[in-house]
Amino acid sequence: MGSLCYKVPTHPLILRHTLELIRPALPGPGRHIMALARFLIFFLGAALAPLLLSSCADASEVGVNYGMKANDLLDPEAAVQLLLDNGITTVRIYDTNATVLNALANTDIKVLVMMPNENIPGAARSRSYALAWVRNNVAAYLPDTDIRGLAVGNEVFEQDQAKNLTPMLLPAMINVQAALARLGLDDAVKVTTPVAFDAIKDPSFPPSEARFRDDIAQSVMKPMLQFLQRTGSYLTINPYPFLAIAREPQNIELEYALGNYEPGHRDNNTGFVYNSLLDAMRDATFFAMENLTGSQMQTMASGSNGGHTNTVWTETGWASRGQVRIGKKLAETSSEDGTSECPPATVANAKAYNNYVINRVLSGDTGTPRYPDIDMVVYIFALFNENEKGVGSDDAERYFGLFYPDGSKVYDFDFQGN
């Protein structure tokens, strides 16, 4: 399990909040004590923040994605209580919903928020737009809500409007990061953007030969990786072994997708043996980064750049039922409506995969063949089954939840290691 870490307040909002907590404990004539406290907090925050922030960023964690594309979910306060009751301490949301962020206040749950894709053009074109957005949607909730990361968009390269949004993505990230810096929040809140695993060329095995797609490698991924390294942030990737086996059931063993395949698959270039498709995807990501940028990015891929964990797995999960829409690429293996029957989409398999991911983090067994000692920060998709996702009532997108909408478990799992 990841090591405990304590966050020293480092930006003005949190410093002020800390002082307010200290003030009631001071005796009446406590002006000098208050001044000393203010000095000590400032000094310690400046002197120790790099060390402690690195420790926090370097710890393994497992959280969940809290989506709300449904009309029958628990209200946010009840959903946050569900997180607390189940020992879930890290959550990612797909916007900056005020009700959700207020419900998360003063809970010690760490939060990754998102600027929706539709806001990317405005943030890319105007620093003042980015500043106003960050002030209203991030700074307004600090320090009560523990926002640690800000995702600019989600899987931008895979959207229908990708041709228009892709060139705007990095400028938007740069302007958002500048806004955080202007508000004194750039140490506490890191800017990133979740990338679908499809950003890596197919096939992605062997991992040592993995490359980012030609349409985004030099134009977007290389400068974006340099930006992330320069700002002490991290690349976020969404690997789904479930989707891989849904698309190629004839080529992928179920045990391999679930994380426990013997004798494994060998990368003949490196000699590494992969018993887990998730680990093969993770190493493919690391190799793609290194193959694109050379040795300068190796420390980032291995998580040793200034102590930060520099790759975060923002979505992974397994559907408990349903069909998979596989699109035009594999239409010849699908039905007339563009879907594929998906035998792996069962409650038993969803339970096996998600518990495999959770237990790897809790046990500390988070390395890969390429980087045996690397930590893993990962978010399970998703908190709830969401009845307004996908197309049709049997679309597997609706059935990735750990919980039914009423808060009951779809299957057993444990985030606390009990």
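**Notebook: aromatic rings in a predicted model**

I began with the surface, and the protein exposes about 18,300 Å², of which carbon and sulfur atoms supply 52% (Shrake-Rupley method, 1.4 Å probe, with only the protein chains shown as cover for residues). I noted that this is a predicted model, in which local features need pLDDT of at least 70 and side-chain atom pairs count only at pLDDT 80 or more, while totals for chains, interfaces and linings use all residues. Residues are numbered from 1 along each chain as its sequence is written, and side-chain values use heavy atoms, without hydrogens and water.

Of the 418 residues, 56% count as buried (under 20% relative accessible area, 1.4 Å probe, protein chains only; exposed is over 50%, partly exposed in between).

I then looked up the aromatic pairs and found 16 in the structure (Phe, Tyr or six-membered Trp rings with centres within 6.5 Å; planes under 30 degrees apart are stacked, over 60 edge-to-face, the rest tilted). Y240 counts as buried at 9% relative accessibility, and F381 counts as buried at 7%.

I next took F384 and F403, whose centres are 6.5 Å apart with planes at 55 degrees, so this pair is tilted. F384 is buried at 1% relative accessibility, and F403 is buried at 1%.

Last, I checked charges over rings (NZ of Lys or CZ of Arg within 6 Å of the ring centre and within 35 degrees of the ring normal): R321 lies over the face of Y399, 4.4 Å from the ring centre, and the charged end of K409 sits over the ring of F413, 4.3 Å from its centre.
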